[in-house]
Amino acid sequence: MTEFAHYRPGEYASEHIRITPTKLADGRQFFYVDDDPDYVSGKKTRQLTDPRKLANRFEPGIDGEGNPIPVQAPQMRRDPLTGDWIPMATARMNRPITAGPGATASGNPLAARKPGNPYQDGEIPDTDYNVVVFENRFPSMNRLPGQDDAVTYVDGNPLWQQRPAAGRCEVVCFDPGETSLPADLPVFRLRTVVEAWAFRTAEISAIEGIEQIFPFENHGQEIGVSLAHPHGQIYCYPFIAPRLEQELRQTQEYHERTGGNLLRDILQGELEAEQRIIMRNSTWIAYVPAAARWPLEVHLQPVRGGVLTLDQLTDDERWGLAYMYSALLKRGNAFFDRGDGQGMDLPYIAAWHQAPVRDPRRINYSLNLQFFSFRRAANKIKYLAGSESGMAAWISDTTPEKIASRFRALGPVDIED
């Protein structure tokens, strides 16, 4: 395997996973993360050359009169009322959408390359793959070479700070199957996805200006997914996102007041209460939080304390996570009964909350996954209306105990790992 500056594979990944870096035609980084023995051993090799003729992403374009068009870097502005940074990426308006009524392209840019296919703007150079990771072609945040990150002011007014949204956005394709569901992927493939998350967390943590690394998965048309292919993303913020900032304030205040770790004490409290624990194995515990907001919400934490980020997980913990994530997705799809016993393809968001990269409060945080869906019945969704959207004041349509009871009815609490 290629040696990387900061990522260190464990015993399993050293023997069973091969990461091969290359670059796409416009200069973006691309990584094959293979678990196929033929590619891991080197018996077979991947296609490293992107056949498309794409302009370098950092080179100016040319308008109809031959004049250069400067690259438009994403910008962000700070809301003086909340202190939140708001990235503004107008280039994303032109990204292709291949799912739903607003589809603008008939091809799938996340599919393996198909020679002779009329759609020839796919992102994968090879005709097959296991898992791949690459920089997003239409990023919400991006750093331009030589870019000045200094704060300036909108209209010259110090009320409104602005600066480049010098972060990074990556795509993680979980599998080459264009119509496969993440819930149906074999555990060994999800284990490869976990390794990809750990690999990128380790490497991106060293990039200048990155403050938070956020792997997440949007799944389902109702969530607003523009590509149906099984995939997730990694947003790397040049600031700490509002939700994590809230959690850091709470965990730090709790530590200063009690000397404890809030997330670890929440987990211990759920274990003692027991009724909201829905799954556990030797390395992970899944529970419905006592103050759940969403009509379906599950949090995952590692059993071992002191784990701040995905790259700090051991081999056993990465395997345990793959087994638990697979079980969680399957049970999520079975959660709502439409009367035919078949369940449904649940729309969900899976959000990894990791300790920030540099903030000193990171030491009192703990790695956790927050998994939720806004579906509240087989034929109903929860709309975020006046109270939620206007005041961020959540009104729950159910109770955590009812959510947990339904999950516990779908399978045993103790699962294999």
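Me: Which residue's side chain does a polar contact join to the side chain of Arg276?
Reply: The model is predicted, so local features need pLDDT of at least 70 and side-chain atom pairs count only at pLDDT 80 or more, whereas totals for chains, interfaces and linings use all residues. Residues are numbered from 1 along each chain as its sequence is written, and side-chain values use heavy atoms, with hydrogens and water left out. A polar contact is a pair of N or O atoms within 3.5 Å; within protein, one must be able to donate a hydrogen and the other to accept it, and residues adjacent in sequence count only if both atoms are side-chain atoms. At 2.9 Å, the partner of Arg276 is Glu270.

Me: Is Arg276 buried or exposed?
Reply: Arg276 sits in the loop between α5 (262-273) and β13 (277-280); helices (H or I, at least four residues) and strands (E, at least two) are DSSP runs, numbered from the N terminus. Leaving aside neighbours within four places in sequence, Arg276 is in contact (heavy atoms within 4.5 Å) with residues including Tyr287, Pro400 and Glu401. Buried means under 20% relative accessible area, exposed over 50% and partly exposed in between, with a 1.4 Å probe and protein chains only. Because its relative accessible area is 10%, Arg276 is buried.

Me: With which side chain does the side chain of His255 make a polar contact?
Reply: His255 belongs to helix α4 (residues 242-258) and, at 27% relative accessibility, is partly exposed. Not counting residues up to four places away in sequence, His255 touches Gly260 and Asn364. For Gly260, the backbone oxygen lies 3.3 Å from a polar atom of the His255 side chain. The side-chain partner, at 3.4 Å, is Asn364.

Me: How far apart in space are His255 and Arg361?
Reply: In sequence, 106 residues separate His255 and Arg361. Across the protein, 66% of the contacts between residues at least 6 apart in sequence join residues at least 24 apart. From C-alpha to C-alpha, the distance between His255 and Arg361 is 9.9 Å.

Me: What radius of gyration does the protein have?
Reply: The radius of gyration is taken over C-alpha atoms, and the globule rule is 2.2 Å times the number of residues to the power 0.38. For 417 residues, a compact globule would have a value near 22 Å, so the protein agrees with the rule. The radius of gyration of the protein is 22 Å.
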